[in-house]
Amino acid sequence: QVQLVESGGGLVQAGGSLRLSCAASRSIAGLTAMGWYRQAPGKQRDVVAAITSDGSTNYADSVKGRFTISRDNAKNTVYLQMDSLKPEDTAVYYCNAASALRWGLVNNYWGQGTQVTVSS
């Protein structure tokens, strides 16, 4: 089991920056991957960025060049640095952790979410 707690959301003007943090209740070094998802009102939850245990990163096209995901294994924390924010980035952001089981299956763990609102 892994408990995840997000922080760092808030209200920011377009063009501004925020850094989200996701603190895990145990070591993240052995987790398959960690990521950030977001869900805007009336829309499905979509992946924003992910980082694997070896440090490889991937981003949704909509945030490439603006968002950066990173991890600090010593602090059991994953970050999402969000720059050049746009109103369309407004959503609840969720931290996710994936732990490999067997046969290609994974356990997924979720945080409670943190609201990010970007004003125009």
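**Exercise 1. In this predicted model, find which residues T114 is in contact with, leaving aside its neighbours within four places in sequence.**

Solution. Begin by locating the residue: T114 lies in strand β11, which covers residues 114-119. Next, list its partners beyond the neighbours within four places in sequence, which are E6, G8, G9, L20, A91, V92 and Y93.

**Exercise 2. Decide whether T114 counts as buried or exposed.**

Solution. The relative accessibility of T114 is 11%, and the cut-off to apply is that buried means under 20%. T114 therefore counts as buried.

**Exercise 3. Identify the two cysteines that a disulfide joins, and describe where they stand in the chain.**

Solution. Recall that a disulfide is a covalent bond between the sulfur atoms of two cysteines. A search of the whole structure finds one such link, and this disulfide joins C22 to C95, with an S to S distance of 2.0 Å. The pair links distant parts of the chain, because C22 belongs to strand β3 (residues 18-24) and C95 to strand β9 (residues 91-100), 73 residues apart. The angle about the S-S bond is -80°, and the link of C22 and C95 is left-handed.

**Exercise 4. Classify the geometry of the aromatic pair formed by the rings of Y37 and W110.**

Solution. The structure holds one aromatic pair. The ring centres of Y37 and W110 are 4.8 Å apart and their planes stand at 70°, so the pair is edge-to-face, given that planes over 60 degrees apart are classed in this way. This pair also links distant parts of the chain, with Y37 in strand β4 (residues 33-39) and W110 in strand β10 (residues 106-110), 73 residues apart. Turning to accessibility, Y37 has a relative value of 22% and counts as partly exposed, while W110, at 36%, counts as partly exposed.

**Exercise 5. Find which aromatic rings have R45 and R102 lying over them.**

Solution. Take R45 to begin with: this residue lies over the face of Y94, at 3.6 Å from the ring centre. Then turn to R102, whose charged end sits over the ring of W103, 5.4 Å from the centre of that ring.

Note on methods: Residues numbered from 1 in each chain as written. Predicted model: local features only at pLDDT ≥ 70, side-chain atom pairs only at ≥ 80, totals over all residues. Heavy atoms only, no water. Helix = DSSP H or I, 4+ residues; strand = E, 2+ residues; numbered from the N terminus. Buried < 20%, exposed > 50% of the residue type's maximum accessible area, 1.4 Å probe, protein only. Contact = heavy atoms within 4.5 Å. Phe/Tyr/Trp six-rings, centres within 6.5 Å; stacked < 30°, edge-to-face > 60°. Lys NZ or Arg CZ within 6 Å of the ring centre and 35° of its normal. Disulfide = S-S within 2.5 Å.
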